Amino acid sequence: MPRAYEFDGLMVFFGEFRFKDHSAFAPLIFAVEGDGSFGFLPYRTEAVTYRLVNDWFNASVGPPAAGTPAYCGDGDIKRATHRISLAISPDTSRPPRHPSALFLRELRSIDPETSPTSS
């Protein structure tokens with residue numbers, strides 16, 4: 001499947017299911033087991049990182065709508081001024097594979113007195 005993402009000890013495949021004229025994507029979620037293999041989760045996880053990936057996937061810039069997904073490039077990462085770790089591991093002896101992080105860039109505020117749109 002070309003639409004698979006691994007993060008924070010999860011592997012999520014977005015399978016496309018078709019019936020007649022309709023198609024829909026559904027997540028198939030696997031979690032890393034103690035021996036390093038992946039086991040199927042028969043339910044959707046409540047992990048924040050899963051919610052972020054799922055929301056991005058289903059957004060207007062996600063793979064189904066855009067044809068090709070919008071990813072951050074190296075330049076975007078380098079311009080980030082803040083990095084927030086999203087990976088939470090209850091077992092500190094085994095950090096998650098591919099830990100997630102949210103990269104933010106500080107934007108300069110616009111002075112309403114000098115803004116070209118001010119009256």
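**Basis and confidence**

The model is predicted, so local features are given only where pLDDT is at least 70 and side-chain atom pairs count only at pLDDT 80 or more, while totals for chains, interfaces and linings use all residues. Residues are numbered from 1 along each chain as its sequence is written, and side-chain values use heavy atoms, with hydrogens and water left out. The mean pLDDT (the predictor's confidence in each residue, from 0 to 100) is 79 for the protein, and 76% of the residues score at least 70. Confidence is lowest in helix 2, with a mean of 74, and highest in strand 4, at 92. Where pLDDT is low, the predicted coordinates should not be read in detail.

**Overall architecture**

The protein contains three helices and six strands, where helices (H or I, at least four residues) and strands (E, at least two) are DSSP runs numbered from the N terminus. Along the sequence they follow the pattern β-β-β-β-α-α-α-β-β. Of the 119 residues, 20% count as buried; buried means under 20% relative accessible area, exposed over 50%, and partly exposed in between (1.4 Å probe, protein chains only). The accessible surface comes to about 9000 Å², of which 56% belongs to carbon and sulfur atoms; these areas come from the Shrake-Rupley method with a 1.4 Å probe, and for residues only the protein chains shown count as cover. Among contacts (heavy atoms within 4.5 Å) with a separation of 6 or more, 35% are between residues 24 or more positions apart.

Four strands form an open sheet in the order 1-2-3-4, with antiparallel pairing; two strands pair if DSSP finds at least two bridges between them. Strand 1 (4-7) and strand 4 (38-40) are the edge strands, each of which pairs on one side only. From one strand to the next, the twist averages 30 degrees, with axes being lines fitted to C-alpha atoms (for helices over the stretch in contact) and angles running from 0 to 180 degrees between N-to-C directions.

Strand 1 and strand 2 (residues 10-19) run antiparallel and are joined by four bridges, and alanine 4 has phenylalanine 13 in strand 2 as its bridge partner. Strand 2 and strand 3, also antiparallel, are joined by 10 bridges, and leucine 10 has alanine 31 in strand 3 as its bridge partner.

**Helix 1 on the sheet**

Helix 1 (residues 48-58) packs on the sheet and touches strand 1, strand 2 and strand 3 (22-32), its direction making about 155 degrees with that of strand 1. Its buried residues are Thr49, Tyr50, Val53, Asn54 and Phe57. They lie on the same side of helix 1 because they cover an arc of only 130 degrees around the axis, the arc being that of the directions from the helix axis to the C-beta atoms. An α-helix has 3.6 residues a turn, so residues three or four places apart point the same way. The cover over the buried residues of helix 1 includes strand 1, strand 2, strand 3 and helix 2 (63-66), whereas the exposed residues Val48, Asp55 and Asn58 are carried on the face turned away from the buried side.

| Residue | Relative accessible area | Class |
|---|---|---|
| Aspartate 8 | 16% | buried |
| Lysine 20 | 73% | exposed |
| Serine 100 | 14% | buried |
| Alanine 101 | 24% | partly exposed |

Aspartate 8 is found in the loop between strand 1 and strand 2, and it has a positive phi of about 50 degrees although it is not a glycine. Lysine 20, in the loop between strand 2 and strand 3, likewise has a positive phi, of about 55 degrees, although it is not a glycine. In the hairpin of strand 2 and strand 3, there are two residues between the strands.

Serine 100 is found in the loop between strand 5 (82-85) and strand 6. Leaving aside neighbours within four places in sequence, serine 100 is in contact with Phe7, Asp8, Thr49, Ile84, Ser85, Leu86 and Ala87. The C-alpha atoms of alanine 101 and aspartate 8, which are 93 residues apart along the chain, are separated by 9.8 Å.
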